[in-house]
Structure formats: C-alpha cells, structure tokens
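Visitor: I have a structure to look through before I set up any calculations. Could you walk me through it?

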Amino acid sequence: MTTSEQVFLVLCQELSFRRAAEKCYMSQQGLSEHIKRLETQYGVPLFQRRPKVALTQAGQSLRRTLEREAVLEQDLSREMENLRDGTRGKVTIGIGISRARIYLPRILELFWKEAPGVEVIVRMDNSAQLEEELAAGKLDCYIGIEAVCGENHVRRPLRVESICLAVPSRLLPEEHRQNATIRPEDLARFSKLPFVRNSPGSILNAKVDALLSSNLKLNNIADVSDYEIQLDFCRRGWAAAFLPQIVLESFGEDHLKQAGLTVFEIEGLQKAMEVDLVWDESRIYPACVQKLLDCMQKMEWGNAPDREYARQMLI
C-alpha cells in the first residue's frame with residue numbers, strides 16, 4: 001500500500017485534515033497533496049471539504065477496497081511468519097461472553113493440542129458487533145447466534161439450541177414443580193412472576209416475544225445480557241428467566257434441582273437458535289487459523305459437562 005493510500009485511510013478515520021496530519025506526523029499541506037494525488041489518479045473527488053469533511057461515494061468505494069487490501073496484506077504477512085516457524089502465530093476469535101465460559105475451554109484444549117505455540121486473542125461481544133469486526137479484519141472468525149453474514153463470509157452451523165424457561169420452585173404452586181413441556185398459551189400463568197431478561201434487541205428476546213400473545217406482558221424486573229447472572233437471579237429465587245439450553249446443560253441437572261429450579265421446555269422454542277461459526281473465505285488465513293477453524297468444526301458441540309463452579313454457586 002502506498003503512502004498516499006495510507007494517509008487516505010487515516011483521513012477516513014479522522015475526517016479532519018488537522019487531526020489526520022498530526023496522526024501522520026506531517027503538515028496539512030503535505031497531507032492535502034497526498035489526497036490530491038489520489039484524486040488526480042482516479043479522476044474523481046474523494047472527499048467533500050465543506051461544510052465538513054466527508055467521503056464522497058468514490059471515496060467510500062476506495063476506502064472499502066483499501067481496507068480489504070490492508071487485511072490481505074496482514075494475512076499474507078502472518079502466513080509467511082507461520083511458514084518460517086509452524087509453532088508461531090496468533091489467532092483472534094469472537095464469541096459472546098456466556099458461551100465463552102462454556103465453549104472456550106473445550107475449544108482451546110483441542111486447539112492447543114494441535115498448535116501449542118499459538119497465541120489466542122478473544123473478543124467478547126454480540127453477534128452483530130462481531131460480524132462488523134470480522135468485516136474490518138479485526139477478527140479471524142467468530143461464534144455467533146443466527147449470524148447475518150456479509151459478503152464473502154461463510155456461516156457453518158455448529159449446534160441448534162432450545163430456549164427454556166427456568167423458574168425458582170418456591171415461586172410455583174406445588175403441582176407445577178416438575179419439568180415439563182408447555183405450550184405458548186401456558187406462559188400466561190407465569191406472567192405475574194418477576195422476570196430477568198436479556199437486554200432489548202437480543203435474538204433470544206425476539207424469539208420469545210414472537211411466541212407471546214400480543215396482550216401478554218411479562219413482569220420484567222431487570223435486563224441483564226449475561227445468561228449466567230440471569231441464572232444466578234433464578235437460583236436466589238429473585239426471578240424466572242428464559243435461558244439457552246446450553247447454559248442449563250452446563251450448570252447440570254443435579255445442580256439445578258439442588259438450586260430449587262424447575263425448567264420447562266416451550267413448544268415453538270425447541271431447537272430455536274442456531275449457533276454458527278463464521279469466517280471470511282476471501283482472506284488468506286495462516287495455517288494456525290485454519291487449524292482453529294478445523295478444530296471448531298470437528299469439536300463435539302453436544303451436551304456440555306457440569307462445571308465445578310456450578311457446585312460452588314450453591315454454597
């Protein structure tokens with residue numbers, strides 16, 4: 001990538017000739033000359049100067065192309081390093097925080113058997129944000145929920161999860177204190193219970209809300225984006241919660257009973273959420289990233305084992 005192209009990308013970020021010049025350690029006149037050189041080369045204006053600096057349509061197109069080129073150059077450099085020494089390298093994976101606690105130990109145990117010298121960087125966020133980071137070249141891959149993929153992104157389903165209703169048994173009449181499958185219309189009998197739910201806009205919330213009748217409102221007392229904190233609310237008897245099957249599996253059936261929780265499957269929410277592995281097929285991934293993708297695709301994504309901290313939560 002030429003110096004002018006690098007300067008162009010800095011100006012794209014800053015949208016200020018003064019700040020971009022400071023960041024590039026050059027004068028504003030020098031920076032302007034680099035931009036004019038590119039505009040002369042392509043025969044179109046790349047920036048609107050007034051009333052404020054903004055990219056033109058041509059500038060937006062050039063930015064997308066150069067950002068893609070920067071990612072490819074980075075990938076090629078990593079591949080060359082990996083070929084020099086197969087034990088070296090770095091991979092960056094994105095995943096939601098609750099599933100990171102459950103899946104990451106299993107992923108890394110398998111991966112580090114194949115690539116013991118590779119550094120792993122983990123970014124935790126929701127699927128939409130991770131998709132943006134993959135598109136920007138900040139991630140090598142991510143594990144998301146029903147990922148909406150951009151151009152050149154490949155989505156590989158890993159598991160399909162049910163959404164269950166977990167209720168503190170002390171909040172239920174005796175006759176309901178048993179695990180069972182309930183119909184959507186049966187949710188009305190839980191409407192007066194306190195609920196802790198995902199933050200607005202989550203995929204799980206959307207799935208549940210689509211199943212609720214229009215006149216049914218739940219008694220929501222808290223919004224919490226971490227499923228394990230929601231489960232702790234349930235364990236303490238504070239609220240009921242809609243939770244992914246994997247979170248309940250990881251806690252363990254015996255521990256759920258000890259915690260005094262009753263779990264209901266819900267018709268229409270069985271196998272409701274797809275867990276996907278997403279990567280960019282247009283990139284030149286180094287061997288260490290290919291190993292990570294292979295490990296995640298051959299890993300057993302079924303029932304999660306009980307975890308020791310689940311026992312500790314009961315203390």
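This is a predicted model: local features need pLDDT of at least 70, side-chain atom pairs count only at pLDDT 80 or more; totals for chains, interfaces and linings use all residues.

Visitor: Noted. How many helices and strands does the chain have?

Guide: There are 12 helices and 13 strands in the chain.

Visitor: And the overall dimensions, what are they along the principal axes?

Guide: The C-alpha trace spans about 80 × 50 × 30 Å along those axes. The radius of gyration of the chain is 25 Å, whereas a compact globule of 315 residues would have one near 20 Å.

Visitor: What share of the residues is buried?

Guide: Of the 315 residues, 50% count as buried. The chain exposes about 16200 Å², and carbon and sulfur atoms supply 48% of that area.

Visitor: Which way does β7 run relative to β11, parallel or antiparallel?

Guide: β7 and β11 (residues 241-244) run antiparallel and are joined by four bridges. β7 also pairs with β12 (residues 261-266), in the antiparallel sense over five bridges.

Visitor: What sits opposite cysteine 164 in β11?

Guide: Leucine 243 stands opposite cysteine 164 in β11, and in β12 the bridge partner of cysteine 164 is glutamate 265.

Visitor: How does β9 pair with β10, in the parallel or the antiparallel sense?

Guide: β9 and β10 (residues 219-223) pair in the parallel sense, over four bridges. Valine 196 has alanine 222 as its bridge partner in β10. Between the two strands the chain passes through helix α7 (residues 203-211), and this β-α-β crossover is right-handed.

Visitor: And the faces of β9, are they covered or open?

Guide: Both faces are covered: Pro194 and Val196 on one side, and Phe195 and Arg197 on the other, are all buried.

Visitor: Why is arginine 99 classed as buried?

Guide: The relative accessible area of arginine 99 is 10%, so arginine 99 counts as buried, given that the cut-off is under 20%.

Visitor: Which side chain does arginine 99 join in a polar contact?

Guide: The side chain of arginine 99 is joined to that of glutamate 161 by a polar contact of 2.8 Å. Beyond four places in sequence, arginine 99 touches several residues, including Leu104, Ile145, Tyr227 and Met273.

Visitor: Last topic, the backbone. Which peptide bond is cis?

Guide: The bond from arginine 50 to proline 51 is cis, with omega near 5°. Proline 51 is in the loop between β1 (47-48) and β2 (54-55).

Visitor: What is phi for tyrosine 25 and for asparagine 152?

Guide: Tyrosine 25 has a phi near 55°, and asparagine 152 has a phi near 70°. Most residues other than glycine have a negative phi.

Visitor: Where are they placed, and are they buried or exposed?

Guide: Tyrosine 25 is in the loop between α2 (17-24) and α3 (28-42) and counts as exposed at 78% relative accessibility. Asparagine 152 is in the loop between β5 (141-145) and β6 (153-161) and is partly exposed, at 31%.

Key: Residues are numbered from 1 along each chain as its sequence is written. Side-chain values use heavy atoms; hydrogens and water are left out. Buried means under 20% relative accessible area, exposed over 50%, partly exposed in between (1.4 Å probe, protein chains only). Two strands pair if DSSP finds at least two bridges between them. A crossover is right-handed if, with the strands pointing away from the viewer, the path from the first strand over the helix to the second runs clockwise. A polar contact is a pair of N or O atoms within 3.5 Å; within protein, one must be able to donate a hydrogen and the other to accept it, and residues adjacent in sequence count only if both atoms are side-chain atoms. Contact means heavy atoms within 4.5 Å. The radius of gyration is taken over C-alpha atoms; the globule rule is 2.2 Å times the number of residues to the power 0.38. Accessible areas come from the Shrake-Rupley method with a 1.4 Å probe; for residues, only the protein chains shown count as cover.
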